Amino acid sequence: MRLAEAWRVALDALRANRLRSGLTMLGMVIGVGAVVILVALGTGTKNEVQAQVEGLGSNLLLVVPGQVSLNAAPAVSRLDQSDLDAVIRIAGDRDRVAVSLTSGENVRAGKEQVFTSLLGVLETTPKVFLRDVRAGAYLTRTDVETGRRVAVLGSSVAKTLFGERDPVGQQVTIAGVRFRVIGVFAPLGQSLGVDRDNEVHIPLSTAQRLLATKRVDAFAVKAPDAETIDRLGRDIVAELHRRHPDEEFSAVTQEQILGVLGDILGVLTAVLAAIAGISLLVGGVGVSNIMLVSVRERTREIGLRMALGARPRDIGLQFLLEAVLLTTIGGLLGIAFGVGASLATAALSPVPAALTWWSIALAFGVSCAVGIVFGVVPAQRAGRLDPVVALRSE
Amino acid sequence: MTQHAAIEAIDVARTYALDGVSVPALRGVTLTIAHGEHVAVVGPSGSGKSTLMHLLGGLDQPTSGRLRIGGRDVAGLTAAEMAHLRNATIGFVFQSFHLLSRTSALDNVALPLVYRGLGARERREQAARMLERVGLSHRIGHRPNQLSGGEQQRVAIARALVTEPAVLLADEPTGNLDQATGAAVLELLEQLNTAEGVAVVLVTHDREVAARARRQITMRDGRVVSDTADDAETASDAGEVPR
Ligand SMILES: Nc1ncnc2c1ncn2[C@@H]1O[C@H](COP(=O)(O)OP(=O)(O)OP(=O)(O)O)[C@@H](O)[C@H]1O
Ligand SMILES: [Mg+2]
C-alpha cells in the first residue's frame, strides 16, 4: 500500500468519529498548550531578569557582607565610612564606587504618603549604575559632604505624592524630617511584580544622621574593564577582611548573579515543563485507549482488508498513522492555543511571556512521538489479528 | 492440461485448539480445483465447508497436509506472503457482503487494488469497468446502505473479480438474499465463470443451486464423502459429465 493512501485511510477513520477524535485530541491540545505557555513564561521571566541585571551597567562588582548563596541569611553590616574610603582607595577613583544605606521609610507630601525604600548614597551613583534623571538633577558632592536635606524621587513615588505636578523644588517629609526634592528618576518599570521606581535617594551622610547610624550596607564598584574585575573583587574582599577579621565579605559580578538566577529560573522552567509533560502523558494514554477501542470496533474491517491482500504491516501502519494524526493535529491546535495564550498574556498583563522556536518545535516533535509511542501497541494488535477470526467477529 | 491446478489440497487437515481440547474441523481432504472450474460444496452444518474455504483461499494454514495455491506451497509462508498470494490469486465473496459502509461502491470495488500499490486513477478505472460488468454502472457513487442486498452482493462480486483472480470463493453468497435476488446473483457467478474463465467454488445449502454446478463436493464430518470429479475421472473418456 502506498503511504499517501495510508494517510488518507487514517484521516477518513478520524473523520468518521469526529466527536471521539476531537475529545481524544483535547488531551493533547491541553498538554501541548500547557508546555508552550509554561516554557514561554519561564523564558520571559529569565529574559526580563537578564535584561535588568545587564541594564544596571557594565563591569559591575557588588560587594556585600556575608556570603552570597541561596540559603544564607542576609548579614547585618558593620561596614562604615572608613571602609568606604578604603574601597575608594583600591578602586582608585571615587567615581567608580557607589554605596548604599537602605531603610524602609514613609515619605509624605501634604496629605499624600507612600512607604518606600530610602537609600543613602554618594553622588557617584549615576556614574556606576545606569540611572537617568528625568527632571531636575541628581545629588552633588557638596550635597553629600555637607549632609544637605535634599532628595531624588523614584518616578512612582513622585507620581503618588505629586500626581501630575512637577515635584522639583517641593517639600517632602521623610521620617519626620523635611527634605527638598531636587530631581526625579526616569521610570524603570515593574519586574517580577516589584515596583522598581518606588525608591528615594538622599545623601549618605544625611541618611546616617537620620537613621542614627554610622554604617553602610553595600558597595558597588565599576571596574575599568572586564579583565580587571575579578582581581579587583579579590583585592576589595581581602582588604575588608583584613579590617574586619571575624567577618566574611563577598564580591559578585553581574555574570555570577545572572548565572545563579539563570539556574534558579532554569530549574523552575524545567519543573513547570515536566508538570505539563505529565498532562501530555495522560493525553497519550487516552490516544492509546481510543486506538484499542477502534481496533476492536473495526475488527471485521481489518479481517476484510486482510482477505483482500493487506499485509500485517499495512494494517499496523493504518492504525499507527491514525494515532499519529490524532496527536499531531492535537499538538498543532495545542501550539496555536499556547502561542495565542502566551501572546495575550504578554500583551495584556505585566507577566512576561517570551515564545521560543525551540519550545514550539519541541512541542510538535513530542506530539508526533507521543502518537508513535502510544500508537504502536494498538497498531501491532491490529496487524496480528487472524483474518479468519477477524472476519467472523461481530 | 499441463498447467498446474489453481488450487491443490493433499490430505489437508485443520484442527482447532479450544480450551485445551483439539477440535478436528477437517480430517484429511484431498482435492484439486482446476482453472475455470465451477464447483459446489455441500454438506450439513458443521461439516467443515467454511473451514475448507478458508484454507483454499489462503486465509488459514492447514494443521497438516500439503496445500498449493496458484502453484505455490503455502507451508512456511509468512502472513505477508499469504496476503500477497490471496491478493494475486483469490477473490472472496462472503455471505454478509463485508462492504465498507462509509465507502462508495466504486471505492469498495477498488479496495483490493490498494494493496497492489496501484494509483487512485487506475484503481477507479478498473473498478468502474468491473461495476459495469456486474450491471451496476448507475450505482457507482452509492454507499452500501443505499443499495439493496442483491446490489450489495454484486458490488462484492465486482470487488472479488477486480484483481482478475484465478479462483472465486463464495461461502453461501445467497444466504442473506431472498430467492429471486439470490438466483440473479448465482446467474451472474455462472456467467462470469463461463465468460471470464474464473474458477468458482460455491458453498451452498441449496440442492438445486448445487446441481447447477458442473462439479459437486459433498462434505460430512470434516471429510469429503463424494466428489463428482472422481466419478468423472473413471469415465473421463466418455465425454461430458451428465448434470
Ligand atoms: N475457530 C474455531 N474454533 C473451534 N472450532 C471451530 C472454529 N471454527 C470452526 N470450528 C468447528 O469446526 C467445525 C466446522 O466448522 P465450519 O464453520 O467449517 O462448518 P460449516 O460446514 O461451514 O458449517 P455451516 O454450514 O453451519 O456454515 C465445526 O464443528 C465448528 O464448530
Ligand atoms: Mg460455514
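This report describes the domains, a helix pair, the chain contact and the salt bridges of a predicted model.

**Domains of chain A**

Chain A is divided into two parts, of which domain 1 is made up of the segments 3–52 and 259–392, while domain 2 covers 76–247. Between the C-alpha centres of domain 1 of chain A and domain 2 of chain A there is a separation of 54 Å.

**Helices α10 and α11 of chain A**

Two packed helices are described by the angle between their axes and the distance between the axes. In chain A, helix α10 (residues 299–307) and helix α11 (residues 312–348) have axes that come within 10 Å and cross at roughly 140 degrees.

**The contact between chain A and chain B**

Chain A brings 24 residues to the contact, and chain B brings 23 residues. The area buried between chain A and chain B is about 2,100 Å², with carbon and sulfur atoms giving 62% of that area. Of the area that chain A buries against chain B, 26% is supplied by A:Leu304, A:Leu308 and A:Val388, which is more than any other three residues supply.

**Salt bridges**

Over all chains, the whole structure holds 29 salt bridges, and the count between chain A and chain B is 1 salt bridge. The table sets out two examples, one of which joins side chains of chain A and chain B, whereas the other pairs A:Arg15 with A:Asp12.

| Residue with nitrogen | Residue with oxygen | N to O distance |
|---|---|---|
| B:Arg123 | A:Glu5 | 2.8 Å |
| A:Arg15 | A:Asp12 | 3.5 Å |

How many residues apart are A:Arg15 and A:Asp12 in helix α1 of chain A? Within this helix (residues 3–16), A:Arg15 and A:Asp12 are 3 residues apart, which means that about one helical turn separates them.

Key. Residues are numbered from 1 along each chain as its sequence is written. Chains are lettered from A and ligands numbered from 1 in the order in which they are written. This is a predicted model: local features need pLDDT of at least 70, side-chain atom pairs count only at pLDDT 80 or more; totals for chains, interfaces and linings use all residues. Side-chain values use heavy atoms; hydrogens and water are left out. Axes are lines fitted to C-alpha atoms, for helices over the stretch in contact, and angles run from 0 to 180 degrees between N-to-C directions. Helices (H or I, at least four residues) and strands (E, at least two) are DSSP runs, numbered from the N terminus. Domain bounds come from an automatic or database domain assignment. Contact means heavy atoms within 4.5 Å. Buried area is the accessible area (1.4 Å probe) that two parts lose on being put together, summed over both. A salt bridge is a side-chain nitrogen of Lys or Arg within 4 Å of a carboxyl oxygen of Asp or Glu.
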